[in-house]
Amino acid sequence: VASEGKTAPFNYMDDDGNLVGYEVDILNEVSKRLGDVEFEHVITEWDSIFASLDSGKADIIANNITKKPEREEKYLFSDISYFKSPTVIVVKKGDKSIKSLDDLQGKEIQAISGTAVGMYLEDYNEKHSDNPIKLSYAEADTATFINNVSTGRYPAYICSESYVEQVEKQLGIEMDVIPIKNSDEIQDSRAYFLFRKDESELKERI
């Protein structure tokens, strides 16, 4: 099972260096119920997580993966989602200057290349090329991105709302979240396990 190990509360490293989180708990329970399947969790960076599935190094991706048409063409998604959370704009507590995506035009925000949010913002910028959102691509955990907003380094971050409360507890900070109209256009608010096309039997069992 390929996971980043830094997408709390779904999968992350505890103080003892063990991978824990909601997805790990679910798969532990699945293993217990199946009886003859064990899962080995392998920490995999986001930029190579799909390649790990393509190459056979991993059989499953468990990393809060949402549905996108280009992903559905290439992979199998679990029939049932295991989590639902809308995509929101995270801003500094008390910041009233940002009420929608359009308020981010001309501003610089961080994003991860290849994610559903990153791809949506690239498409958004093509449609608003006269005044695009400036994207600063980086590889980091959600806590780092949100903390960069809290400290004023960046004006906002866009992510699943489920991450925000976890980061607030972790860092002892408070943030405001701005709902995004039609947020399902950015990414399906539901998370799924992902499989190769030839793994229909494994998918059905899980």
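Start by selecting Val 1: this residue is buried, because its relative accessible area is 10% and buried means under 20%. The model on screen is a predicted one.

Keep Val 1 selected and look along the chain. Val 1 sits in the segment before strand E1, which covers residues 2-3.

Leaving aside residues up to four places away in sequence, Val 1 touches Leu 27, Phe 39, Glu 40, His 41, Val 42, Ile 60 and Ala 62. Pick Ile 60 from this group and display the C-alpha atoms: those of Val 1 and Ile 60 are 4.8 Å apart, although 59 residues separate the two along the chain.

Now select the whole chain and switch to a cartoon view. Seven helices and 14 strands make up its secondary structure.

Among contacts with a separation of 6 or more, 72% join residues 24 or more positions apart.

Then show the surface. The accessible surface comes to about 10,700 Å², and carbon and sulfur atoms hold 44% of that area.

Last, colour the chain by charge. There are 24 positive and 40 negative charges, and their mean positions lie 4 Å apart.

How values were computed: Residues numbered from 1 in each chain as written. Predicted model: local features only at pLDDT ≥ 70, side-chain atom pairs only at ≥ 80, totals over all residues. Heavy atoms only, no water. Helix = DSSP H or I, 4+ residues; strand = E, 2+ residues; numbered from the N terminus. Buried < 20%, exposed > 50% of the residue type's maximum accessible area, 1.4 Å probe, protein only. Contact = heavy atoms within 4.5 Å. Areas by Shrake-Rupley, 256 points an atom, 1.4 Å probe, with all protein chains shown as cover. Lys, Arg positive; Asp, Glu negative; His and termini not counted. Charge placed at Lys NZ, Arg CZ, Asp CG, Glu CD.
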